[in-house]
Amino acid sequence: MISLGELRGRDNNFDLIRVVAAFAVLFVHSRALSGAPAAAPTLGIGNFDSSAVAVDVFFFTSGFLVTGSLFSRGNIFEFAWARVMRIFPGLWVMLVLTVAGLGLFLSTAPASDFFSSSVTRDYVLRGATLINGVKYNLPGVFEDNPYKFAVNGSLWTLPIEWRLYEYLAAGWVLLALRPAWRRSAFRLGAPAAALVLTLIALKTFAAQGDRDPAQVPGAMFFYGAALQMWRDRIGLSYARFGLLVAALTLAAASGAAFFPIYLVTLGPLVLHFAYLFGGPIRAYNRVGDYSYGVYIYAFPIQQTLAALIPGVSAARMNVLASVLTLACAVLSWHLVEKPALDWKLVPAAATERLFARLRDGFLEWRRRSAA
């Protein structure tokens with residue numbers, strides 16, 4: 001038995017888990033984007049396929065790691081800038097490339113109309129800020145594709161993810177006057193939020209016979225946050241991993257019982273795979289964290305392939321899109337994402353100094369006013 005509380009640092013398989021999940025989404029999207037017949041529902045649940053599992057893995061992993069980052073840093077400015085630098089630089093470059101590339105070479109609209117269109121403006125501004133969600137279309141782009149118009153449908157999860165970061169940060173800031181209460185408050189609040197959101201997801205499933213893809217991510221995120229806060233009480237072993245797999249497998253045979261068992265077991269399964277299994281697979285950590293690049297580039301690349309190769313099969317799209325997407329992800333990580341992350345402490349320190357000056361100025365103003 002290994003205590004999760006004793007395992008710290010980056011000696012784990014989270015990078016590998018996330019990149020596998022990202023490619024799982026790519027493979028499922030190839031069917032819809034190539035126009036192939038939809039796959040049969042998994043376990044009789046309408047929209048439950050490997051891409052749904054991958055999204056849940058992303059959100060659980062994010063909740064676990066981001067909450068750990070918040071408490072290990074202990075500094076809201078460093079936490080906020082780490083999140084900004086992880087999400088936005090790569091996203092902005094992708095938006096510029098898709099607008100410029102698709103607008104100049106694949107849009108049926110004249111260039112002047114394309115670049116002056118409010119649709120283009122909304123695509124860029126909403127995507128660049130994640131305020132009020134994202135827009136998926138660009139003028140005259142992918143009009144004849146099997147899956148029409150959408151440039152990057154994968155981005156629907158990003159505003160949800162960002163909002164969950166904001167909830168964590170808000171909880172930290174609200175307890176600024178009682179910092180000693182933070183750990184206890186998060187140890188109670190994260191499980192409570194996970195439980196409430198899980199019950200909502202189960203209620204929807206009971207009423208509709210299907211999972212709501214917009215509800216489960218939040219439950220998984222706070223489930224990850226809860227297990228992070230209670231990691232000192234969590235033990236990992238091959239026997240427990242086997243029991244979790246057996247429980248999920250037996251539940252799958254009953255169909256309806258699968259979903260609640262899945263919600264409970266997915267997180268512990270991810271943690272077991274992340275920390276319990278080592279050896280050669282750990283070598284992936286020396287390569288780079290390419291999962292975000294795969295996530296932001298796969299969909300537009302697949303849509304471009306569908307436009308340039310009419311009738312492309314799902315299998316051929318999988319191969320071509322995997323190679324092209326991985327190339328973009330590698331370039332994005334080494335040229336944009338990693339350099340941005342390496343620089344994150346600079347704006348964090350500057351922001352902290354600015355707030356300190358504003359605070360000191362306010363206190364000085366109050367002192368003079370009182371005098």
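Helices (H or I, at least four residues) and strands (E, at least two) are DSSP runs, numbered from the N terminus. The model is predicted: local features need pLDDT of at least 70, side-chain atom pairs count only at pLDDT 80 or more, and totals for chains, interfaces and linings use all residues. Residues are numbered from 1 along each chain as its sequence is written, and side-chain values use heavy atoms, with hydrogens and water left out.

**Exercise 1.** Locate Ser107 and state which backbone atoms its side chain reaches.

Solution.
1. Ser107 lies in the loop between α3 (76-105) and α4 (111-116).
2. Its relative accessibility is 15%, so Ser107 counts as buried (under 20% relative accessible area, exposed being over 50% and partly exposed in between; 1.4 Å probe, protein chains only).
3. The Ser107 side chain reaches the backbone oxygen of Pro139 at 2.6 Å and the backbone nitrogen of Ala109 at 3.1 Å.
4. Leaving out residues up to four places away in sequence, Ser107 touches Leu102, Phe114, Pro139, Gly140 and Val141 (contact means heavy atoms within 4.5 Å).

**Exercise 2.** Determine how the buried and exposed residues of α9 are arranged.

Solution.
1. Helix α9 (residues 238-254) has 17 residues and reaches 25 Å from first C-alpha to last, close to the 24 Å expected (1.5 Å times one less than the number of residues).
2. Leu244, Leu248 and Ala251 are its buried residues.
3. They cover an arc of only 65 degrees around the axis, which puts them on the same side of α9 (the arc is taken over directions from the helix axis to the C-beta atoms).
4. The face turned away from the buried side carries exposed residues, including Tyr238, Leu243 and Leu250.
5. The cover over the buried residues of α9 includes α10 (258-276).

Technical notes: Polar contact = N/O pair within 3.5 Å; in protein donor to acceptor, adjacent residues only side chain to side chain.
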